[in-house]
Amino acid sequence: MNSSPHAAPVARPMRRRKSRWPARLDALQSLSGLVLGLFMWGHMLFVSSILLGKDAMWTVTKFFEGYFVFGRSLPALVSVVVASIFAIVVLHALLAMRKFPINHHQLHNIREHINQFRHGDTTLWWWQAVTGFALFFLASVHLYVMMTRPETIGPYGSADRIWTDRFWPLYLVLLFAVELHGGIGLYRLAVKWGWFAGADPNAARRRLKTLKWALTAFFLALGLATLAAYVKIGIAHAPRAGEVYTPVWAQPEVPAQTPAQAPAQAPAQSPIQK
């Protein structure tokens, strides 16, 4: 049977336009990770000022409290900065959760994939996910304390918190988790977005990986030395825990005693008076 020449044309299925939101969220995740990674390195350098002495660490602390601008310490400024970093951490964690395995089946598939292919960057992603999960709990404790008690940051206050308040086990685990997570994250960002790719992407990737491990080793060594310095100060200062540090130049000078001010000594007895 011949079809009618006036038959209605067959409707073609309409193509749905793909959403750009996944790409936008991915870019936002990369940006938040970059901010946190750079902040992590800067924070480690500032905290390690204790290796230069208590006065150096006190100066860095007061700089962020606005002491040298306003003429007095404003710890609330530190709370604002920490609260901002805390918000970025939560945002970054929420965005990263989109790519986490959500059930046992997905977790099994990922582990099987890693074991079969033994791809270096895939293994790095796995460790980034594990350390990121740990950081959501470990970093939250540290950030909350810094946000609510910024006035305790200082040579003595930080050392007392680490030793007397027994925060050193948390900071020891946090050090390894944050340095591994941040270093891997910055490396994967550079590879993902083609930074420093050059003419030979494979060679650039090998150089980036070498640089990544070198920086990780450096910051881990710096972090361990810094933690050991705070522990040493905390042990010595434990009997006076809670005391606020005063820099050497601000300590009141004890005037030297003149001979007239010196306490008179009892005259020596002669052999006859004995």
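Reply: Helix 1 passes helix 9 in a left-handed crossing. Left-handed means that the near helix is turned anticlockwise from the far one by less than a right angle; clockwise would be right-handed. The model is predicted: local features need pLDDT of at least 70, side-chain atom pairs count only at pLDDT 80 or more, and totals for chains, interfaces and linings use all residues. Residues are numbered from 1 along each chain as its sequence is written, and side-chain values use heavy atoms, with hydrogens and water left out.

Helix 1 covers residues 21-47 and helix 9 covers residues 201-237. Helices here are DSSP runs (H or I, at least four residues), numbered from the N terminus. The pair packs at an angle of about 35°, with axes 10 Å apart. Axes are lines fitted to C-alpha atoms over the stretch in contact, and angles run from 0 to 180 degrees between N-to-C directions. From helix 1, Trp41, Met44, Leu45 and Val47 meet Leu215, Phe219, Leu222, Gly223, Thr226 and Tyr230 of helix 9. Contact means heavy atoms within 4.5 Å. Eight of these contact residues are nonpolar, two are polar and none is charged. Ala, Val, Leu, Ile, Met, Phe, Trp, Tyr, Cys and Pro count as nonpolar, Asp, Glu, Lys and Arg as charged, and the others, Gly among them, as polar.

Next come helix 4 (residues 75-96) and helix 6 (residues 120-148). Their axes lie 9 Å apart, at an angle of about 160°. The two helices are therefore roughly antiparallel. That word applies to angles over 145 degrees; under 35 is roughly parallel, 65 to 115 roughly perpendicular, and the rest oblique. The crossing of helix 4 and helix 6 is left-handed. Helix 4 brings Ser79, Val82, Ala83, Ile85, Phe86, Val89 and Ala93 to the contact, and helix 6 brings Phe136, Ser140, Leu143, Tyr144, Met146 and Met147. Eleven of the residues in this contact are nonpolar, two are polar and none is charged.

Helix 6 also meets helix 5 (residues 104-117): their axes come within 10 Å and cross at roughly 140°. That makes helix 5 oblique to helix 6. This crossing, too, is left-handed. Leu107, Ile110, Arg111, His113 and Ile114 of helix 5 touch Thr122, Thr123, Trp125 and Trp126 of helix 6. By class, this contact has five nonpolar residues, three polar and one charged.
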